[in-house]
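Dear colleague,

Please find below the structure that I am handing over to you.

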Amino acid sequence: MVAIIKTGHSIHRILNYNENKVQQGVADCIGAGNYPVDFEKMVFTMKLNRFLKQADLNENVKRNSVHISLNFDVTEKGISKEKLMEIADTYMEKIGFSEQPYLVYQHHDAGHPHIHIISLKVRANGSRIDMQNIGRNQSEKARKEIEISYGLVPAEKHKREKELVVKPVNTNKVEYGRTETKRAITNVLDKVLKNYKYTSLPELNAVLQQYNVVADRGTENSRIFQNRGLVYRILNESGEKVGVPIKASDFYSHPTLKFLEERFIVNEKARTHYKSRLKNTIDMALLDQKKMSIQELKKTLALSGINMVFRQNGEGLLYGITYVDHQTQCVFNGSALGKLYSAKAIQERCGLNDIIEQQITTSKIEKSHRAASQTNSKEVSHSLIGNGSPRDSSADIATGIGKLINVLTQSEQDSSFLPNQLKGKKKKKKRKGQSDNQ
């Protein structure tokens with residue numbers, strides 16, 4: 001079992017998120033804690049007002065909402081609602097929330113069984129619950145005890161990463177309506193945004209596009225771009241945007257541009273230690289063969305869990321490479337690794353570029369033509385002056401120089417030349433409107 005705890009500013013937003021899941025038919029409210037009415041008889045306003053009244057007891061607590069998800073192994077899909085509710089009650093007691101109001105929802109929209117618990121940080125007496133290090137201390141202890149008590153699969157880190165990996169959106173199965181699109185994109189964002197270390201929107205998209213999703217700001221002249229907006233869209237197999245665009249602010253996790261820019265700063269430092277692994281893997285792959293194509297390099301790196309994402313212009317020319325290391329969950333543009341890993345350098349190191357070879361060949365041909373031209377010029381000079389052989393006499397050289405001077409100083413002869421005296425007088429043209437008698 002894996003427990004994830006988040007806090008927020010809006011209890012209304014968290015409740016609305018879970019209730020919308022119920023309306024969509026992908027979740028059920030399976031129980032409540034410390035509510036005066038049975039959960040099956042409560043409407044939305046009754047659920048919300050219980051939280052709001054207690055939250056109002058301490059207005060100084062800004063992040064007053066608590067959202068917990070308990071995630072189980074994929075093999076534990078048969079857990080009954082009653083057992084899930086028992087696990088939720090036990091967990092809340094062990095982390096110190098047994099007297100807090102809470103609602104429990106079972107979700108069915110992921111590959112693994114999981115439940116969501118909504119509660120708040122304000123006690124009935126108005127005091128604030130300190131949640132600093134609660135995940136590392138109380139929650140981790142509770143998780144281990146519950147796994148033993150209920151016979152659950154232990155949350156081994158490497159095993160969980162393998163089993164909870166998100167799959168690309170199957171666009172053939174998505175009906176392009178708002179609900180289906182949002183659900184598909186949410187599953188991808190929940191996995192990628194919090195786990196991968198990206199430092200720009202293009203780097204994030206290098207990961208998202210592998211799951212048929214893209215974060216889109218629109219063109220620079222568009223209203224969404226100028227207002228710093230962001231939408232998420234589904235891509236088809238050809239990389240074309242399809243379906244209904246969903247605004248970032250419409251998702252529960254609120255993955256807006258501002259949110260991403262904050263992540264960029266954190267990720268920049270967090271990914272630094274993983275550069276060496278990526279650079280070494282690329283270098284070793286290129287050392288295996290003296291000459292390999294860039295596509296062969298891409299296949300070789302994929303065996304180590306590294307994807308090369310190519311950026312090409314409209315003419316298909318490669319101008320950038322982004323590396324997505326799924327093992328360390330780090331994303332790097334080639335230039336961020338160093339000059340040797342940029343698109344231009346990788347093409348040169350691969351020795352694949354036919355254009356470069358063609359340019360070299362063309363350059364050699366041009367040099368050859370220039371050399372031949374220079375040789376011909378020398379031969380002409382030698383024919384006038386002499387071939388410069390030691391056997392030539394000084395008289396021959398002088399004669400050759402004299403011939404060259406005569407050629408250079410000889411005046412041009414024109415057979416059509418006539419003296420002025422023999423030329424006929426030109427007849428003057430009459431101007432328009434001018435008579436013969438002036």
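The lining of the second largest pocket consists of eight nonpolar residues, three polar residues and one charged residue. (Nonpolar covers Ala, Val, Leu, Ile, Met, Phe, Trp, Tyr, Cys and Pro; charged covers Asp, Glu, Lys and Arg; the others, Gly among them, are polar.) Please note that the model is predicted, that local features need pLDDT of at least 70 and side-chain atom pairs pLDDT 80 or more, and that totals for chains, interfaces and linings use all residues. Residues are numbered from 1 along each chain as its sequence is written, and side-chain values use heavy atoms, without hydrogens and water.

The second largest pocket

The volume of this pocket is about 390 Å³. (A pocket is an open set of points on a 1 Å grid over the protein atoms alone, where a 1.4 Å probe fits and protein lies on both sides within 12 Å along at least five of seven lines; lining residues have an atom within 4 Å of a point. Points are joined across faces, edges and corners, and the volume is the space filled by probe spheres set on them.)

Which residues line the second largest pocket? They are Leu201, Pro202, Asn205, Ala206, Gln209, Val214, Ala215, Val309, Phe310, Arg311, Tyr319 and Thr322. At least two lining residues come from each of helix H7, strand E6 (213–216), strand E9 and strand E10. The greatest contribution is that of H7, with four residues. (Helices, H or I with at least four residues, and strands, E with at least two, are DSSP runs numbered from the N terminus.)

The three-stranded sheet

Strands E9, E10 and E11 form an open sheet in the order E9-E10-E11, with antiparallel pairing. (Two strands pair if DSSP finds at least two bridges between them.) At the edges are E9 (306–312) and E11 (330–333), each of which pairs on one side only. On average, neighbouring strands of this sheet are turned by 20° against each other, direction ignored. (Angles run from 0 to 180 degrees between N-to-C directions, along axes fitted to C-alpha atoms, for helices over the stretch in contact.)

Seven bridges connect E9 and E10 in the antiparallel sense, and Gln312 has Leu318 in E10 as its bridge partner. These two strands form a hairpin with five residues between them, and Gly316 in the turn has a positive phi of about 85°. E10 (residues 318–325) is joined to E11 by four bridges, also antiparallel. Opposite Tyr323 stands Phe332 in E11. The hairpin of E10 and E11 has four residues between the strands, and Gln329 there takes a positive phi near 60°.

Is E10 enclosed or open? Seven of its eight residues are buried, so E10 is largely enclosed by the rest of the structure. (Buried means under 20% relative accessible area, exposed over 50%, partly exposed in between, with a 1.4 Å probe and protein chains only.)

Helix H7 (residues 201–208) lies across E9, E10 and E11, at about 125° to E11. Helix H11 (residues 294–302) packs on the sheet as well, touching E9 and E10, and its direction makes about 145° with that of E9. (Contact means heavy atoms within 4.5 Å.)

The five-stranded sheet

Another open sheet has five strands in the order E1-E3-E5-E4-E2, and its pairing is antiparallel. Its edge strands, E1 (2–8) and E2 (27–33), each pair on one side only. From one strand to the next, the twist averages 20°.

E1 pairs with E3 (residues 65–71) over seven antiparallel bridges, and the partner of Ile5 in E3 is Ile68. Helix H1 (residues 11–23) packs on this sheet, where it touches E2, E3, E4 (102–107) and E5 (114–120), and its direction makes about 35° with that of E4. Helix H2 (residues 44–55) also packs there, touching E2, E4 and E5, at about 40° to the direction of E5.

E2 is mostly covered, with five of its seven residues buried. Six bridges join E2 to E4 in the antiparallel sense; Ala27 has His107 in E4 as its partner.

The chain as a whole

The chain contains 15 helices and eleven strands. Of its 438 residues, 38% are buried. Among contacts with a separation of 6 or more, 63% are between residues 24 or more positions apart.

A colleague
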